[in-house]
Every structure is written in structure tokens, then in C-alpha cells.
Amino acid sequence: MSPWTPPPEPEPPRIGLVGWCLVLLRAPPMAIVVFGGLALLALVRLFERPVFGMDRPVTPHITTLVCQLSLLIMGLPVRQRGAVMKDRGAMVANHTSWLDIFVLNSRKTIYFVSKSEVAGWPGIGLLARATGTLFIRRDPREARAQTGLFEERLMHGHRLLFFPEGTSTDGQQVLPFKTTLFAAFYSQRLQHAMKIQPVSVIYHPPVGAEPRFYGWWGDMEFAPSLLKMLSTARHGMVELVYHDAVRVDDFPNRKSLASHLEARVRDGHGVALAGG
């Protein structure tokens, strides 16, 4: 498959009078929900950490509620097909936008695996750190340490979710999965104990908008994208397709596992995008 060539980044949206009215209407309650939720999460964690340690029986549910309310305030509906797995393990999904954090967290308690640079991003970095995101560096020299982090989190029942494409896109295709992180699932402790569930995330644009409306790629900034979401009068829809989970030990190596998961995500994404 040929490498994806990112399209030119769109001009910042022009927000009219109605759009600014919607921003003024939506931004305050969303700020209250997000930052109030983060404050509540931090407070609960003060008691949760010394009692439960790595386990988080309460705070992930706060994150889920915050994300559900944020999407409701923005007016962005989410439709789900398939069921979230109940087994111990991880999830993989295609990556389109910062909205993925809210959309995927709104369905079930999960913990994202993200590149270390995200921790320093304004807004998104704060949210990621507060919600227990596992930050990693894509460096083969740190593979053993990363395997240890994966084992610790997964064996405590944390359902990790990562984006094997390694970058966000315009939402019109699924990029080839990078296989490096899958190696961690072939450790002695994880290989025979874990399942991985593929998830296709499909953004359907508002009526009359370009197909890439929800995409967030390249050097696009967060603030203009957020304003675009808040100022949109009638949103499209996000579709989540939860495919059947697979056992890690059903595949001989990380490449065959990644290939299968990529095919499932790609097929679900393509069919839904075509209106199937």
C-alpha cells in the first residue's frame, strides 16, 4: 500500500454571527463540565490512590460521564454497533481527531496509550494526563520498559486503547498499522491471557460539509478545531463499530496479529463510510 499523502490543511473556519452565538452558548457549560470533572477526578483520586493503588474503581466513570456530557453539549451524536468486550485486554482503533478521546471514552472506561509528546499539548495533554493515559516513546531501545508498563496496567484490569496508525488523519482512510507496540503482548505474562478488540471509528460530516470535516491532521491547531466544533449548528454523526475481539495467542507473531486487526478496522471503516 502506498504511503498516505496528507491533503493541504484547510483554512481556519469562518464563524458567522450564529456560529459565535453557539460558541458563547456551548463553551461555558463545556468548560464547567471538563474542568469541573477534572477537579472532581483529582479529588477522588486523592482517596482512590492510597486505597486501591493502580486500580481505579471510581475515576474512570467520571471520565466517561464528562465525555458523554461534552459530546451532548457540542451536539455530536455517537452511534454504536457491536459490543465492547468484557475480557481482559486492549483495543485498537483508527485515529481521525482529538474528538476520538471523547467519543471512545464516552462508551466504556478505557485508558489511552499515547506518544509522550501529547503530554505537553495544551488542553488535550492535561486531559490525557488526568485520565490515566499511558505515555510512551516510540523507541525500540525502550521496548522492554514499555512491555513492563503494559503488563502492569493490563494485569490490573486496565483496558488500554492505542492507535496503531501512529498519527491522526483526515478520516477518509485507515493507514497501515505500525507493529512495534504489538510486541509487548507476546510477553510471557500477556500472550496467553489477553485479547485485543479492533474498533472502527467513522465520522460522517454534517449535511453539505466536505467529507474531511472532522479530520485533524498535520500541524492543525487544537483551538480552531474546537471553535469549529462548538460553532457548528447541526453536526453529522460518529459511528463506532466494535468488532469481535481476538486472542493474542491465536497469532504466531506481532505482524500477523497487527495485520488481522488492521484488516478488520479497515473493512469496518470502508463499509460504514460508504453507507453500508
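Analyst: Let's start with T232, whose side chain reaches the backbone oxygen of K228 at 2.6 Å. This is a polar contact (a pair of N or O atoms within 3.5 Å; within protein, one able to donate a hydrogen and the other to accept it, with residues adjacent in sequence counted only if both atoms are side-chain atoms). The model is predicted, so local features need pLDDT of at least 70 and side-chain atom pairs count only at pLDDT 80 or more, while totals for chains, interfaces and linings use all residues. Residues are numbered from 1 along each chain as its sequence is written, and side-chain values use heavy atoms, leaving out hydrogens and water.

Where does T232 sit? It is in the loop between α6 (222-231) and β7 (237-242); helices (H or I, at least four residues) and strands (E, at least two) are DSSP runs, numbered from the N terminus. T232 counts as buried because its relative accessibility is 12%, where buried means under 20% relative accessible area, exposed over 50% and partly exposed in between (1.4 Å probe, protein chains only). Leaving aside neighbours within four places in sequence, T232 is in contact with L22, R26, P206 and F213, contact meaning heavy atoms within 4.5 Å.

Now step back into helix α6. K228 is one of its buried residues, along with S225, M229, L230 and S231. S225 has a relative accessible area of 9%, so it is buried. Not counting residues up to four places away in sequence, S225 touches W98 and W216. The buried residues of α6 pack against α1, α2 and α3 (99-105).

How do α1 and α6 meet? Their axes come within 8 Å and cross at roughly 105°; axes are lines fitted to C-alpha atoms, for helices over the stretch in contact, and angles run from 0 to 180 degrees between N-to-C directions. The two helices are therefore roughly perpendicular to each other (65 to 115 degrees; under 35 is roughly parallel, over 145 roughly antiparallel and the rest oblique). On the α1 side the contact is made by G19, W20, L22, V23, R26, A27 and M30, and on the α6 side by L226, L227, M229, L230 and S231. These residues divide into 9 nonpolar, 2 polar and 1 charged, with Ala, Val, Leu, Ile, Met, Phe, Trp, Tyr, Cys and Pro counted as nonpolar, Asp, Glu, Lys and Arg as charged, and the others, Gly among them, as polar.

Helix α1 (residues 17-52) also meets helix α2 (residues 59-74), where the axes come within 9 Å and cross at roughly 180°. That angle is why α1 counts as roughly antiparallel to α2. Among the residues making this contact are R26 and M30 of α1 and V66 and I73 of α2. The contact residues divide into 13 nonpolar, 4 polar and 3 charged.

To finish, here is α2 itself. It has 16 residues and reaches 23 Å from its first C-alpha to its last, close to the 22 Å expected at 1.5 Å a residue (1.5 Å times one less than the number of residues). Its buried residues include T59, I62, C67 and L71, and the buried residues of α2 pack against α1, β1 (78-81), α3, β3 (111-115) and α6. After α2 comes G75, with a positive phi near 85°.
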